[in-house]
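Subject: Structure handover

Hi,

Here is the structure I promised you. Please open it alongside this email. My notes follow below.

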Amino acid sequence: MSLALVLGGGGFIGGHLARRLKQEGFWVRVVDIKGNHEFWEHPEICDDYVCGDLRDPVLVGQVFTPPSHSPDTPFTEVYQLAADMGGAGYIFTGENDANVMHNSALINLNAVHEAAKNRVGRIFYSSSACMYPEHNQLDPDNPNCEESSAYPANPDSEYGWEKLFSERLFLAFSRNYGLDVRIGRFHNIFGPMGTWAGGKEKAPAAMCRKVAESDDSIEVWGDGLQTRSFLYIDECVEAVLRFMRQDGFPGPVNIGSEEMVSINQLAQMAIDISGKDIAIANLGGAEFEQKYGFPCPMGVRGRNSSNQLFREKMGWEPSLPLREGVARTYEWIAQEVESQAKAAT
Ligand code: NAD
């Protein structure tokens with residue numbers, strides 16, 4: 001039986017990925033600082049759920065050790081998804097910069113070291129579109145996120161700088177220690193079974209929640225004209241596995257969708273899907289700061305995945321229309337909102 005290790009498997013993408021690996025017949029170990037996956041029972045996603053802090057090198061040494069039933073077989077596939085991260089309200093205010101950099105860098109330093117030491121089959125590292133230079137993403141209609149545009153580097157957040165550092169860390173271990181790495185740059189992954197409230201949720205989940213909770217208007221941060229693309233979780237998992245299981249191309253490569261929309265268009269999509277008559281209230285500038293006590297955290301003006309390299313190397317690319325993904329996500333979040341409201345009464 002092949003062994004898989006999913007670091008950060010208690011989170012959104014890691015949970016979906018671990019579940020798919022288990023369905024494929026892998027023996028799966030998940031490691032996460034959270035005691036439980038927020039939405040799945042452990043047996044649905046893994047054979048062994050380790051609650052532990054990946055900043056701790058001793059713990060990381062333990063979780064890379066193969067299970068007792070297969071002590072001489074190193075992990076065939078390792079996925080490094082653990083990071084200190086969240087949506088715009090977490091990453092772009094500046095409040096969490098030190099923790100984001102320190103915590104994620106420690107996790108990656110420990111993971112890459114143990115992966116090389118234990119001679120794992122292959123390791124996937126989850127980088128982010130946030131590592132692309134700000135100066136190529138100022139025009140909302142024409143952002144450039146081709147892989148080759150990464151340097152000279154100029155990410156607009158410390159989160160992006162840490163991702164760039166860790167990409168280089170994984171590549172250096174590949175060069176110097178023969179570690180077989182795959183580096184994917186995720187572009188806004190969304191879907192059911194992910195954080196939808198509390199401040200760490202991302203735009204699609206936040207829009208769906210606001211629409212599900214409202215009957216008159218929803219607040220959208222900024223002027224709503226900033227653009228992004230969003231990739232549905234099932235296609236993200238498929239893309240990661242196809243990339244991970246091909247030989248010879250380590251990346252970095254974008255894992256995203258090329259269907260770019262403005263944030264107001266995304267909000268309108270969620271409203272249309274709900275069938276409700278809801279207005280969009282954009283809030284930015286001084287008004288925003290007065291309400292929340294910090295400047296409106298919007299990120300770059302435009303961002304879209306460029307899938308040319310992925311297409312070329314993998315002969316496949318994600319194709320689910322955004323509206324379909326938002327409809328599936330809205331349905332799930334609306335149910336969550338309803339059951340939470342019922343539980344509160
Ligand atoms: P997530 O926050 O749901 O998952 C990350 C998991 O890491 C969480 O469950 C968290 O508890 C865990 N973690 C954090 N610190 C830890 C620690 N010290 N020890 C053990 N576990 C720890 O995020 P996600 O959306 O599933 O993202 C997964 C990865 O993909 C992250 O590295 C993220 O930076 C990257 N990424 C995600 C997106 C996206 O749109 N979701 C976009 C770009 C990059």
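Helices here are DSSP runs of H or I with at least four residues, strands are E runs of at least two, and both are numbered from the N terminus. Please keep in mind that this is a predicted model.

Backbone first. R119 sits in the loop between helix 5 (97-117) and strand 5. R119 is not a glycine, yet its phi is positive, about 50°. Its relative accessibility is 66%, so R119 counts as exposed.

M193 also has a positive phi without being a glycine, at about 65°. Look for M193 in the loop between strand 7 (189-190) and helix 7 (203-213). M193 is buried, with a relative accessible area of 16%.

Next, the cis peptide bonds. One joins Y151 and P152, with omega about 0°. P152 belongs to the loop that runs between strand 5 (122-128) and helix 6 (158-177). Another cis bond leads from G251 to P252, where omega is near 5°. The loop holding P252 lies between helix 8 (233-244) and strand 11 (253-255).

Last, V300. Where is V300 placed? In the loop between helix 10 (285-292) and helix 11 (308-314). V300 counts as buried because its relative accessibility is 4%, and the cut-off for buried is under 20%. Leaving out residues up to four places away in sequence, V300 touches E134, Q137, D156, Q226 and R228. H135 is 165 residues from V300 along the chain, but their C-alpha atoms are 8.9 Å apart.

Best wishes

Note on methods:
Residues are numbered from 1 along each chain as its sequence is written. This is a predicted model: local features need pLDDT of at least 70, side-chain atom pairs count only at pLDDT 80 or more; totals for chains, interfaces and linings use all residues. Side-chain values use heavy atoms; hydrogens and water are left out. Buried means under 20% relative accessible area, exposed over 50%, partly exposed in between (1.4 Å probe, protein chains only). Contact means heavy atoms within 4.5 Å.
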